[in-house]
Amino acid sequence: MRPITAILLCCVAVPAAPAVAQVQSAAAVKWGPGPDFLPHGARFAVVQGDPSKSGVYTIRLRLPDHYRFPPHFHPTDEGVTVLAGTFLVGMGDTVNMRKAQRLTAGGFIIAPADAHHYATARGVTVLQVSGEGPFAITYVKDTDDPRHKSKP
């Protein structure tokens, strides 16, 4: 009987600790200048994870009026939610704002991995971007890559 009791005791699951939600108020978000892979003028905040490493990340971007993302793509899906302002997003290698989709607060778009896209902010615009890291961006035209330009 003892071997059976020992087996049963080994199979009893230890209750897992309850999951703890990560809560962060808007006031707690730590804004800084945009990284060198973004065109100059963006403000940047990491909300969850580390975009430079494997795993889920969430970042926020605060963009000035007329901020422009030249055509680019990412190796993983990118989910973008507009928190404030207006964000115009188009697909392809050539900017054509007449074909762009207009997203306002609450709007959401998934840019699939390797899908070429571009965007422009109308008014001060705040975005929340999430995906699976590590984050990477490739500009369609090397001359559009801000890493090859000096920042003002």
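Biologist: Let's start with one residue in this predicted model. Which residues does H72 touch, not counting residues up to four places away in sequence?

Modeller: Happy to walk you through that. We set aside residues up to four places away in sequence, then see what H72 still touches. Those residues are A115, H116, H117, I137, T138, Y139 and V140.

Biologist: Is H72 buried or exposed?

Modeller: First, find its place: H72 lies in strand β4, residues 68-73. Its relative accessible area is 4%. Buried means under 20%, so H72 counts as buried.

Biologist: Which side chain does the side chain of H72 join in a polar contact?

Modeller: For this we look for a pair of N or O atoms within 3.5 Å. The side chain of H72 has such a contact at 3.3 Å. Its partner is the side chain of H74.

Biologist: Now for strand β5. How many bridges join β5 to strand β8?

Modeller: Strand β5 covers residues 78-91, and β8 covers residues 117-133.

Biologist: Which residue in β7 stands opposite G79?

Modeller: Strand β7 spans residues 108-111 and runs antiparallel to β5, with four bridges joining them. Find G79 and look across to β7. The residue standing opposite is I110.

Biologist: And which residue in β6 stands opposite L88?

Modeller: Here the partner strand is β6, residues 101-104. Four bridges join β5 to β6, and they run antiparallel. Opposite L88 stands R102.

Technical notes: Residues are numbered from 1 along each chain as its sequence is written. This is a predicted model: local features need pLDDT of at least 70, side-chain atom pairs count only at pLDDT 80 or more; totals for chains, interfaces and linings use all residues. Side-chain values use heavy atoms; hydrogens and water are left out. Helices (H or I, at least four residues) and strands (E, at least two) are DSSP runs, numbered from the N terminus. Buried means under 20% relative accessible area, exposed over 50%, partly exposed in between (1.4 Å probe, protein chains only). A polar contact is a pair of N or O atoms within 3.5 Å; within protein, one must be able to donate a hydrogen and the other to accept it, and residues adjacent in sequence count only if both atoms are side-chain atoms. Contact means heavy atoms within 4.5 Å. Two strands pair if DSSP finds at least two bridges between them.
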